[in-house]
Amino acid sequence: MMERLSADVAIIGGGIMGSSAALFLRRMGLSVVLLERDLCGSRSSGVNFGGVRRQGRPASQLPLSQRAQGLWAQLPQLIGIDGEYLRSGHLKIARSEADLAALESYRERTQDFGMDLQILSARALRERCPWLGRAAVGASLCPDDGQANPRLVSPAFALAARRLGADVREQTRIDEAAHDGTAFVLRSGNALEVRATHLLNCAGAWAGTIAAQFGDAVPMESGHPEMAVTEPLPVFLNFSLGVEGGGVYARQVARGNCVIGGGRGYALDDQRARAQRSGIAALMQQTVDLLPALRNAHIIRTWSGTEGYLPDRQPVLGPSANTPGLIHAFGFAGGGFQLGPAVGAVLADLVQSGRTATPIEAFSVSRFSESPRVATTGPVPSAVV
Amino acid sequence: MTAALQPVIVGAGPAGVRAAQTLVAHGVRPVVIDEAPRWGGQIYRQPPPGFTRSKRTLYGFEAGRAEALHSAMTNILDRVDYRPETLVWSAEGGRLDVLSHGRMGTLPYGQLIVATGATDRVLPFPGWTLPGVYTLGAAQVALKYQGCAIGARVVIAGTGPLLYLVAYQYAKAGARVVAVLDTASFKDKALAAPAMLRQPAVFAKGVYYLGWLRAHGVPVHQGVRLVRATGGAQVTAMRWRAGAAEHEVACDAVAFGYALRSETQLADLLGCRFSYNALQRAALPERDGAGRSSVPGVYLAGDGAGIMGADAAEWAGERAALALLADAGKAVDAARAAELEAKLARTAAFRVGLERAFPFPQDWAASAPDELVICRCEEITAGQLRQCVQDTGAREMNRLKALTRVGMGRCQGRTCGVAAAEILAHACAAAPDAVGRLRGQAPIKPLPFAAMARANGEAA
Amino acid sequence: MALLQRVAETGRTPVGFVLNGQALTALAGDTVLTAVLTHTAQLRHSEFSGEPRAGFCMMGACQDCWITTESGQRLRACGTFIEEGMRLVTGEEGHE
């Protein structure tokens with residue numbers, strides 16, 4: 001017997017994007033069905049590094065990121081738990097003079113966004129961060145950036161949405177998605193049919209398939225950032241750490257475990273990913289250079305996840321170029337966690353009024369449907385990394 | 001057409017050694033990886049050099065089998081590539097990840113026999129993290145491997161055939177066993193007798209141990225429930241209940257366990273398909289009668305893919321090696337292979353009998369108090385798990401782990417996984433096979449950063 | 001008070017080591033776990049509750065028996081043999 005549901009909004013994907021959208025839509029009084037293939041927050045949203053960070057984002061993301069920062073401040077009111085969210089500060093290390101110049105330039109370019117970045121000299125760094133290895137020549141500190149526990153936060157958004165009346169369906173894979181002229185029609189096997197006026201495509205690394213079905217093909221690729229965690233250690237790392245140029249990041253949770261990330265894992269299948277040995281070895285080497293205190297520590301667990309990457313490393317966020325009523329939010333290239341609550345708010349804005357005060361033009365899906373360049377015999381322009 | 005043979009055996013207990021012996025007998029030189037310094041596994045663990053007790057003293061009735069197993073390996077040592085003190089911590093792309101003497105490396109394999117054995121199955125009671133409380137296996141290791149008793153007044157508790165064996169070994173070694181507390185009743189054993197008589201020698205040993213203990217004044221209580229261990233800096237007493245009455249026995253050590261659980265992490269990382277085994281009350285990697293897993297070239301032998309006992313593990317090791325050889329196009333003795341499979345099949349009825357004689361305490365989760373620590377690495381209590389189920393509706397082990405941290409500690413769920421699954425199933429009124437299993441994640445055991453220290457000497 | 005009781009194999013070469021600054025003797029072939037617990041009743045303290053821990057499985061599975069050296073190295077007591085001159089610490093109540 002097929003169950004039939006009807007709602008204002010159907011959302012495919014129960015990660016932090018879809019779940020926060022569900023929450024904000026419910027607050028606006030719209031009816032919502034949230035469809036998640038596995039368990040809400042079990043994918044990227046639940047296994048990422050846990051950085052809640054504005055610093056380092058391209059300027060085009062900063063308004064969205066600032067809006068998110070304001071929402072993170074209200075996390076307990078939104079989702080009922082603190083999610084271990086801490087404004088520990090984000091320290092971005094420069095390992096060369098060129099890196100330091102890049103950090104200084106970034107600070108200058110982004111002054112209007114309220115991040116209050118402070119450049120630390122090598123000497124200041126030694127004083128404030130005696131645990132930092134020799135390679136650091138300076139750093140940029142964003143005092144109000146921080147960290148949280150994605151395993152707690154992301155599922156909690158879905159739970160909060162459910163408590164406000166969203167119909168959340170887990171273990172529900174969408175097999176068919178179409179528009180029949182009146183409404184979006186989604187089917188899960190023979191068990192469930194959902195009709196909705198609006199459809200939000202929040203399917204993470206798997207959103208490209210849905211986008212293509214509705215005429216918005218995008219060149220998205222999957223990637224698998226690697227993570228590892230240590231046993232509980234005496235607390236020494238008082239900032240969330242990154243490096244200019246990328247490659248390794250680290251934070252220490254209150255219980256003492258150090259979470260480290262960097263490098264690439266590999267896909268086991270289209271849904272699961274795993275850390276790989278070369279990446280783990282490199283990660284351990286880089287981390288112990290950066291944080292010599294780890295030389296007596298152990299990795300007790302590694303993992304990876306599946307992220308969606310577009311060639312310019314910017315997400316797709318905004319209405320479909322072809323199908324009215326369809327709105328996309330995917331391709332966050334490993335940096336979506338902090339943006340999550342604001343993405344949900346923007347999606348809710350767009351459903352409610354077709355507009356949002358947060359600038360999102362840079363994330364338009366239309367940028368991939370521009371007419372193709374005329375073929376030349378010259379060098380192929382490389383993708384922006 | 002013979003496939004290239006590059007077999008690696010992980011584990012040098014009964015299954016691993018017999019597998020190695022079989023491969024060598026067919027002219028093949030396997031690599032044998034052993035986490036321990038010397039072969040023998042747990043049951044036939046050899047003491048360090050310089051220890052002098054005889055095998056009769058160490059292994060009792062099993063001395064003959066122990067000697068046979070040890071010399072089987074000694075005799076082929078020059079024809080295998082034996083890698084002791086080597087941990088396999090992951091596998092990827094046809095290579096094992098190993099850690100040996102503080103250095104990381106990889107080892108290619110063409111075929112793999114996974115003989116990773118088992119550890120004690122733990123259902124905790126309040127106070128189980130006190131110093132002096134150990135597993136039954138630990139109590140045996142202390143005695144066999146180090147010549148120590150875990151205490152001067154020892155309680156042996158839980159259920160399973162190991163219970164009586166350990167009590168007997170301890171009492172014979174001169175340690176004082178102040179009580180044997182068996183959660184299985186006499187009636188459980190009586191009902192199981194017909195099935196257990198399938199292996200009359202094993203049955204007889206059990207009867208012998210029990211008789212011997214009684215004759216030597218060791219108090220044996222059956223059909224009890226373990227209530228709590230008490231103490232401060234170490235355990236000083238064990239409380240237990242028989243019927244309506246609660247009792248207490250003063251002690252300075254407790255050894256407990258409820259039979260064994262398989263070490264399946266490597267099979268998991270290799271991608272073997274798992275399915276739930278109701279008798280073992282666990283998800284186990286699937287294997288056919290010869291030990292073939294769902295992954296071509298990966299064979300599973302011994303307790304590491306389902307508890308079968310030491311004798312059966314030897315047959316399984318030999319059978320898996322024969323399958324490996326046959327699958328690679330080598331001629332093997334088909335009659336012997338069939339004989340081994342028949343012996344293995346016959347043990348199945350005995351295992352059913354054992355479970356009936358020493359049943360898994362089905363009411364354990366229901367009677368576990370909220371303050372009971374389930375995950376000793378992270379100190380997560382039963383109450384925290386139940387609260388999570390109530391607050392979030394969690395019904396799956398990996399979700400429970402993500403939300404409560406159970407199984408996130410150094411042992412990665414090895415110790416707490418069974419108990420956590422029981423608590424979860426009970427809390428959401430689900431069957432034990434309906435809550436999933438903890439997803440395997442590398443490293444199988446903790447990896448030191450020091451193993452990655454630079455060559456320029458920045459070592460720990 | 002010691003946890004482990006020697007019941008056999010006592011005729012082995014003595015091995016000197018230091019525990020919490022105190023010079024003690026073990027026997028060659030002792031694991032660190034045996035060496036320490038034939039003298040005292042803990043190897044470390046839990047990071048969270050601060051309660052004492054003295055291992056659990058003795059076969060390298062439970063990961064309870066980690067002990068720290070004076071120089072900050074961590075080793076698994078049940079899987080490491082005691083060596084002459086090892087300097088070990090069990091930490092204080094409430095600290096690791």
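1. Helix H1 of chain A, buried residues. In this predicted model, the buried residues of H1(A) are Ile16(A), Met17(A), Gly18(A), Ser19(A), Ser20(A), Ala21(A), Ala22(A), Leu23(A), Phe24(A), Leu25(A) and Arg26(A). That is eleven of the twelve residues, so the helix counts as mostly covered. H1(A) covers residues 16–27 and reaches 16 Å from its first C-alpha to its last, close to the 16 Å expected at 1.5 Å a residue. Just after the helix, Gly29(A) has a positive phi of about 90 degrees.

2. Confidence in chain A. The average pLDDT of chain A is 94, and 96% of the residues score at least 70. Residues 372–385 of chain A are a stretch to read with this in mind: pLDDT stays under 50 there, and the model has six contacts beyond four places in sequence for these residues.

3. Helix H1 of chain B. This helix, residues 14–25, also has twelve residues; a span of 16 Å should follow at 1.5 Å a residue, and the end C-alpha atoms are 17 Å apart, which agrees. Eleven of the twelve residues of H1(B) are buried, so the helix is largely enclosed by the rest of the structure. Among the buried residues are Pro14(B), Val17(B), Arg18(B), Gln21(B), Leu23(B) and Val24(B). After H1(B) comes Gly27(B), with a positive phi near 80 degrees.

4. What covers H1(B). The cover over its buried residues includes three strands of chain B, namely E1 (7–10), E2 (31–33) and E7 (111–114). It also includes helix H3 (63–76) and helix H9 (310–327) of chain B.

5. A helix pair in chain B. Helix H6 (residues 186–196) and helix H10 (residues 334–357) of chain B pack with their axes 7 Å apart, at an angle of about 175 degrees. Angles over 145 degrees count as roughly antiparallel, so H6(B) is roughly antiparallel to H10(B). On the H6(B) side, the contact is made by Asp188(B), Lys189(B), Leu191(B), Ala192(B), Ala195(B) and Met196(B). On the H10(B) side, the residues are Ala349(B), Phe350(B), Val352(B), Gly353(B), Leu354(B), Arg356(B) and Ala357(B).

6. Chain B against chain A. This contact takes 23 residues from chain B and 24 residues from chain A. On the side of chain B, the elements that give two or more residues are strand E4 (86–92), strand E6 (103–108), helix H13 (397–404) and strand E24 (447–448). H13(B) gives the most, with three residues.

7. Chain B against chain C. Here the contact takes 41 residues from chain B and 34 residues from chain C. The elements of chain B that give two or more residues are strand E8 (118–120), strand E9 (133–135), helix H4 (136–146) and strand E10 (148–149). H4(B) gives the most to this side, with five residues.

8. Chain C, overall form. Chain C has one helix and eight strands, in the order β-β-β-α-β-β-β-β-β from the N terminus on. A compact globule of 96 residues would have a radius of gyration near 12 Å, and chain C agrees, with 12 Å. The C-alpha atoms fill a box of roughly 40 × 25 × 25 Å along the principal axes.

9. Chain C, burial and contacts. Of the 96 residues in chain C, 47% are buried. Among the contacts in chain C with a separation of 6 or more, 48% are between residues 24 or more positions apart.

Note on methods: Residues numbered from 1 in each chain as written. Chains lettered and ligands numbered in written order. Predicted model: local features only at pLDDT ≥ 70, side-chain atom pairs only at ≥ 80, totals over all residues. Helix = DSSP H or I, 4+ residues; strand = E, 2+ residues; numbered from the N terminus. Rg over C-alpha atoms; globule rule 2.2 N^0.38 Å. Buried ≥ 20, exposed ≤ 12 C-beta atoms within 10 Å, placed from the backbone. Contact = placed C-beta atoms within 7 Å. Expected span 1.5 Å × (residues − 1). pLDDT = per-residue confidence, 0-100. Axes fitted to C-alpha atoms, helices over the stretch in contact; angles between N-to-C directions. Parallel < 35°, antiparallel > 145°, perpendicular 65-115°, else oblique.
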